[in-house]
Amino acid sequence: MAFTALVRGRPFNPRPCFSLHKCRPFSSSEHHPKQGHSGHIPAGFEVDISHPSYMVWGSNTDVGKTLVSAGLATSIICSSTATDAPPNVHYIKPVQTGFPQDSDSRYVSRKVSDIFKHRRTANSLYVSNQVLKVSPAAWHRLPGSKGVDESRIRDVGLDESGMVNINSYEGQALQGFDKHRSSADSELVCKTIYSWEEAVSPHLAAAREGCVVEDCSLVESLQKCQGEFNGKTDNNWNIIETAGGVASPGPSGTLQCDLYRPFRLPSILVGDGRLGGISGTISAYESLCLRGYDINAVILADNSLFNEKSLSAYLHDRFF
């Protein structure tokens, strides 16, 4: 699949965005509608922007967000030189449905690993995939859980939303071409925070499986994951992939563009190259802009409909 990227008038280089401030406080007076089980964002909420961080959005579901995330992670890891500090990439999927059959963090970890094996750098790479919490319905779909009674779930532990704290982990070390290195220089940490079994919108899956996660819990979990990783080295990158489209509901029913508004991270919008995709991409773009997000690039798959030409014309005065 070929992709076209529309960027802000220069090669895509996120580093300058993060040179001034280590933390940005979030004011509760900013636009953040409270719907469903949103709760309250904690006072003094801060976003660590000491390292490059991007939020990957989609104009719709199934437009290629995960593939773009994997490509971005691969570019960061495989483009480093011997003089650079080895890069570490943290891929976070806050909300996943259709689990365990579908797992975007598993896809990213495997795709980047496969590419690294063919485009090895001097640095070695350690790749891991972690899943933190799943619904009981998703837990019963995991290998080895069939026939296990409900007491086992209680032994593993449930959080306040009824999610099972599985904290599963798998990892592998990949050797670079410099065999004298004794340990992994770079690290790719792929992580899914909340997962549900049914492959539908998160608010439907959460309601049907009886595990509705409040907005404040999700935001705090994402903040914690991002902060833990940022303290590792001086060359850390965060890639956070949303679920579905820009205005798709999160687990509580709050639109994701409102749910993640406290972070207001630099954004990459994956547009739709299919029939009808021009309107959907522009609507998604404007929805993010109205909420104050900074969009660094719009990327869309080439479906031979030349959607990028119309989008380039529309975005020209807004990007340049």
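This is a predicted model: local features need pLDDT of at least 70, side-chain atom pairs count only at pLDDT 80 or more; totals for chains, interfaces and linings use all residues.
Visitor: What volume does the largest pocket have, in Å³?
Guide: The lining of this pocket counts 32 residues, among them Thr 61, Asp 62 and Lys 65, which are listed with those nearest its centre. Helix H1 (65-78), strand E5 (88-96) and helix H2 (104-118) each supply at least two residues of the lining. The volume of the largest pocket is about 690 Å³.

Visitor: Which kind of aromatic pair do Trp 57 and Tyr 260 form?
Guide: A search of the whole structure finds three aromatic pairs. For Trp 57 and Tyr 260, the centres are 6.2 Å apart and the planes are at 70°. Planes over 60 degrees apart count as edge-to-face. The pair of Trp 57 and Tyr 260 is therefore edge-to-face.

Visitor: Where in the chain does Tyr 260 lie?
Guide: Its partner Trp 57 is in strand E4 (residues 53-58), 203 residues apart from Tyr 260. Both Trp 57 and Tyr 260 are buried. Tyr 260 lies in the loop between helix H7 (256-259) and strand E10 (267-270).

Visitor: Why is the pair of Tyr 194 and Trp 196 classed as it is?
Guide: The ring centres of Tyr 194 and Trp 196 are 6.3 Å apart. Their planes meet at 25°, so the pair is stacked.

Visitor: Which residue lies over the face of Phe 306?
Guide: The distance from the ring centre of Phe 306 is 4.9 Å. The residue over that face is Lys 309.

Notes. Residues are numbered from 1 along each chain as its sequence is written. Side-chain values use heavy atoms; hydrogens and water are left out. On a 1 Å grid over the protein atoms alone, a cavity is a set of points where a 1.4 Å probe fits but cannot get out, and a pocket is an open set with protein on both sides within 12 Å along at least five of seven lines; lining residues have an atom within 4 Å of a point. Grid points are joined across faces, edges and corners, and a volume is the space filled by probe spheres set on the points. Helices (H or I, at least four residues) and strands (E, at least two) are DSSP runs, numbered from the N terminus. Rings of Phe, Tyr and Trp (its six-membered ring) pair if their centres lie within 6.5 Å; planes under 30 degrees apart count as stacked, over 60 as edge-to-face and the rest as tilted. Buried means under 20% relative accessible area, exposed over 50%, partly exposed in between (1.4 Å probe, protein chains only). A charge sits over a ring if NZ of Lys or CZ of Arg is within 6 Å of the ring centre and within 35 degrees of the ring normal.
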